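Please keep the sequence and the coordinates open while reading.

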Amino acid sequence: MTRTMPPSIHPGRIGFDIDGVVADTMEAFIRIAREEHGIAVHPEEITAFQVEDCLDMDPEVVAEIFQRLMEDPLGAGLQLMPYAGRVLREFAGHAPLTFVTARPLASPIAEWLRVMLGEEVHSRTRLIATGEHDDKTRHIRAMGLRYFIDDRAQTCLTLEEAGLHPIVFSQPWNRGRHQLPCVENWLAIRALCLPSENPDEAP
Ligand SMILES: [Mg+2]
């Protein structure tokens with residue numbers, strides 16, 4: 001991290017990308033590549049957001065896996081990131097949750113969020129599917145957010161240029177590609193917003 005972290009953030013002022021932040025999309029991609037296509041991929045090999053740029057994989061197979069994760073995240077076994085469920089449920093006690101994804105389809109990932117977070121939390125959740133990576137800024141602003149967590153470095157740089165406060169969720173594909181504040185995990189996101197309940201839990 002090369003810049004100082006923002007001060008304590010109210011949970012109602014921060015929004016979240018889904019894939020690579022809330023959802024462990026890399027785990028699902030690697031598992032499906034191995035189980036259904038016999039292709040071994042290691043997390044540290046995914047050094048570019050466009051995985052076909054860094055992996056020696058047939059682009060059609062890559063597209064097929066991402067299509068599946070987009071259309072049927074529950075069937076594909078997409079999981080929450082460690083601690084994401086716990087922290088998001090806690091945040092939901094303070095303010096509605098807001099997710100802005102570049103996915104073009106909202107309903108499959110809305111259903112996934114409902115199953116993963118539970119009906120009660122989901123009923124207080126706002127979800128926008130932009131269909132476009134570089135179109136998040138206006139939605140984030142319209143939702144009244146100032147802070148946004150995303151794993152795509154270019155998205156975060158665009159948000160910063162627009163005067164918002166992006167925080168990069170550290171992943172192999174964004175390391176060394178930005179000088180923005182970043183977080184390593186969901187306990188670190190919790191620490192940005194809420195006081196620690198138990199000092200031993202601090203990441
Ligand atoms: Mg993402």
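## Metal site

D17 and D19 are both buried, where buried means under 20% relative accessible area, exposed means over 50% and partly exposed lies in between (1.4 Å probe, protein chains only). Both residues belong to the site of the magnesium ion, which is coordinated by D17 (OD), D19 (O) and D151 (OD) at 2.0 to 2.1 Å. Along the chain these donors follow the spacing D-x1-D-x131-D; donors are N, O and S atoms within 2.8 Å of the metal (3.2 Å for Na, K and Ca), and since water is not among the atoms, sites may look incomplete.

## Basis of the values

The model is predicted, so local features need pLDDT of at least 70 and side-chain atom pairs count only at pLDDT 80 or more, while totals for chains, interfaces and linings use all residues. Residues are numbered from 1 along each chain as its sequence is written, and side-chain values use heavy atoms, with hydrogens and water left out.

V21 is found in the loop between β1 and α1 and, at 0% relative accessibility, counts as buried. Leaving aside neighbours within four places in sequence, V21 is in contact (heavy atoms within 4.5 Å) with M81, I149, D150, D151, F169 and W186. The C-alpha atoms of V21 and F169 are separated by 6.3 Å, although the two residues are 148 apart along the chain.

D150 lies in strand β4 and counts as buried at 1% relative accessibility. Its side chain is joined to that of K136 by a polar contact of 2.7 Å; such a contact is a pair of N or O atoms within 3.5 Å, and within protein one must be able to donate a hydrogen and the other to accept it, while residues adjacent in sequence count only if both atoms are side-chain atoms.

## Helices α8 and α3

Helix α8 (residues 186-193) is mostly covered, with seven of its eight residues buried. These buried residues pack against β1 (14-16), α3 (84-92), β4 (147-150), β5 (165-169) and β6 (182-183).

In α3 the buried residues are A84, G85, V87, L88, F91 and A92. Seen down the axis of α3, they fall within an arc of 165°, so they line one face of the helix; the arc is that of the directions from the helix axis to the C-beta atoms. What covers these residues includes β1, β2 (97-101), α4 (107-117), α5 (119-122) and α8.

How values were computed:
Helix = DSSP H or I, 4+ residues; strand = E, 2+ residues; numbered from the N terminus.
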